[in-house]
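Me: I've got this one open on my screen and I'd like to talk it through. Can you take my questions as they come?

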Amino acid sequence: MAKVLIIGAGGVGRVVTHKCAQMSDAFDEVYLASRTKSKCDAIASSIPGGRVRTAQIDADNASETAEFASRIGADLLVNVALPYQDLSLMDACLKAGIPYIDTANYEPPDVPKFEYKWQWAYRERFEKAGLTAVLGAGFDPGVTNMYCAYAQKHLFDEINYVDILDCNAGDHGLPFATNFNPEINIREITANGRYWESGKWIETEPLSMRCDFDYPEVGVKPSYLLYHEELESLCRNLKGLKRIRFWMTFSDKYLTHLRVLQNVGMTSIKPVKIKGVEIEPLEFLKAVLPDPGSLGPLTKGKTNIGCIFDGIKGGKRKKYYIYNVCVHEDCYAEVGSQAISYTTGVPAACAARMVAQKIWGAPGVWNMEELDPDPFLEAVARYGLPWKVLELDPENSYNLPL
Ligand code: NDP
């Protein structure tokens with residue numbers, strides 16, 4: 001039995017806390033600590049049985065966090081604060097001598113550039129300390145990496161082409177809102193698109209490549225090519241890979257609002273001075289947009305997130321779509337969060353379970369696809385995210401633009 005320390009009481013933190021509390025065979029104590037303690041208390045009080053303890057913490061302060069983790073005797077730390085806290089929380093884990101799990105890679109607060117290099121630089125320190133760090137244990141990155149690992153282990157001799165598809169067909173009825181942290185979300189979408197082909201990165205103008213993909217159980221949705229962080233590790237870890245891309249759905253309404261906000265400068269992270277106060281427009285925008293946590297009761301519809309694989313098995317060409325469908329209303333009924341937070345929080349809790357039960361435990365810093373996918377995908381299905389493997393006709397089905 002383990003004591004888990006969860007950092008971050010946002011939409012994802014709520015789900016991780018609910019799920020870890022449900023895993024009473026793995027965790028005997030669940031701590032939730034975040035910048036605003038009242039948010040932790042609100043989550044704790046929504047979980048029956050009084051199993052969750054709460055605390056205020058500044059995750060930017062590694063020493064304070066390490067001291068707190070040691071004081072409560074935490075066995076592992078799950079970081080579902082923001083990507084800006086990744087390095088200080090990895091430092092905190094090294095100081096406290098406990099494993100680390102997160103769901104998004106580090107991004108410096110003043111540079112809109114997310115890359116693994118800063119976290120991969122911790123490999124030797126985690127190895128020397130005999131500790132595991134698991135990076136990107138949400139849905140994408142996270143479960144999508146594990147669909148790749150599963151396909152590589154069970155379905156293919158070599159995977160040549162991967163398209164990761166992230167469809168949110170949910171509707172919250174508001175004119176414009178982001179379904180997770182607006183700052184992170186808008187930084188991701190307004191950046192140039194990028195994909196990997198034949199050993200090279202190819203850049204595209206933001207949202208310039210579109211395909212209308214027919215998502216099982218959801219229908220046809222416009223999907224746009226984006227750069228997404230899991231591409232960086234997957235292009236290194238999949239055998240025989242020739243191309244890997246990432247697509248996300250956006251409605252026309254969403255993109256029109258975003259375009260206007262961009263055109264008037266509201267998505268910029270360059271501070272402007274107003275009445276002597278420096279303000280980042282994107283930070284200001286975040287403050288006036290609906291809190292993603294408030295979208296839970298409003299959002300109706302489904303998500304469909306998965307990967308199309310095209311490759312070779314036993315000398316024959318094979319193609320599969322591996323995916324999960326999640327219903328926003330069901331997630332809200334179960335834990336009080338919409339599907340975007342749910343699909344991130346369930347895998348993070350399952351990764352914590354793998355580490356707590358020492359199913360994963362090799363010292364070092366790992367991307368998800370480097371770990372055994374089978375026990376993890378089994379847990380993910382059991383705790384709310386069942387997945388399907390659909391075999392496709394390699395020549396004539398689900399063809400995306402070349
Ligand atoms: P939220 O903004 O809703 O929550 C973040 C939480 O972290 C807030 O409670 C916030 O505190 C807390 N926090 C921020 N800074 C600090 C700090 N210095 N010290 C302590 N606590 C802090 O974000 P989400 O829940 O939507 O997302 C959480 C993480 O999950 C993000 O890193 C996001 O990128 C990632 N994510 C990953 C996905 C995946 O599939 N892999 C998908 C979606 C999200 P306060 O309440 O005071 O603001």
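This is a predicted model: local features need pLDDT of at least 70, side-chain atom pairs count only at pLDDT 80 or more; totals for chains, interfaces and linings use all residues.

**Walking through the fold**

Me: How is the protein divided into domains, and how far apart are the C-alpha centres?
Reply: Domain 1 takes 2-138 + 340-382, and domain 2 takes 143-338 + 388-392. Their contact draws 41 residues from domain 1 and 35 residues from domain 2. The C-alpha centres of the two domains lie apart by 22 Å.

Me: Where does the largest nonpolar core lie, and why?
Reply: This core has 92 residues, and F27, V162, F309, W360 and F376 have the most contacts inside it. Its largest share, 11 residues, comes from helix 13 (residues 339-356). Both domains give residues to this core, so it lies between domain 1 and domain 2.

Me: What does F309 touch, leaving out residues up to four places away in sequence?
Reply: F309 is one of the residues with the most contacts inside the largest nonpolar core. With those sequence neighbours left out, F309 touches Y147, C148, A151, F156, I159, Y161, V162, K318, K319, Y320 and I322.

Me: How many residues does the second, separate core have?
Reply: Y31, A62, F68 and A69 are among its members.

Me: Now strand 1. Which residue of strand 2 is the bridge partner of I6?
Reply: Strand 1 (residues 2-7) is mostly covered, with five of its six residues buried. Strand 1 pairs with strand 2 (residues 27-34) in the parallel sense, over six bridges. Across that pairing, the partner of I6 is L32.

Me: And which residue of strand 4 is the bridge partner of V4?
Reply: Strand 1 also pairs with strand 4 (residues 76-79), again in the parallel sense. That pairing runs over four bridges. The partner of V4 is L76.

Me: Is the β-α-β unit that strand 1, helix 1 and strand 2 make right-handed or left-handed?
Reply: Helix 1 spans residues 11-22 and sits in this unit along with strand 1 and strand 2. The two strands pair in the parallel sense. The unit is right-handed.

Me: Which residue of strand 9 is the bridge partner of G193?
Reply: Strand 8 (residues 193-197) and strand 9 pair in the antiparallel sense over five bridges. Their hairpin has two residues between the strands, and S198 takes a positive phi near 45 degrees there. The partner of G193 is T204.

Me: Is L207 buried or exposed?
Reply: L207 lies in the loop between strand 9 (200-204) and strand 10 (210-215). Its phi is positive, about 55 degrees, although L207 is not a glycine. Most residues other than glycine have a negative phi. The relative accessible area of L207 is 19%, and the cut-off is under 20%, so L207 counts as buried.

Me: What relative accessibility does E217 have?
Reply: E217 lies in the loop between strand 10 and strand 11. Phi of E217 is positive too, near 70 degrees. E217 counts as partly exposed, at 42%.

Me: Last one: which two residues does the cis peptide bond join?
Reply: P141 lies in the loop between strand 6 (132-135) and helix 7 (143-155). Omega of the cis bond is about 10 degrees. The bond joins D140 and P141.

Key:
Residues are numbered from 1 along each chain as its sequence is written. Side-chain values use heavy atoms; hydrogens and water are left out. Buried means under 20% relative accessible area, exposed over 50%, partly exposed in between (1.4 Å probe, protein chains only). Two strands pair if DSSP finds at least two bridges between them. A crossover is right-handed if, with the strands pointing away from the viewer, the path from the first strand over the helix to the second runs clockwise. A nonpolar core is a set of buried Ala, Val, Leu, Ile, Met, Phe, Trp, Tyr and Cys residues joined through side-chain atoms within 4.5 Å. Domain bounds come from an automatic or database domain assignment. Contact means heavy atoms within 4.5 Å.
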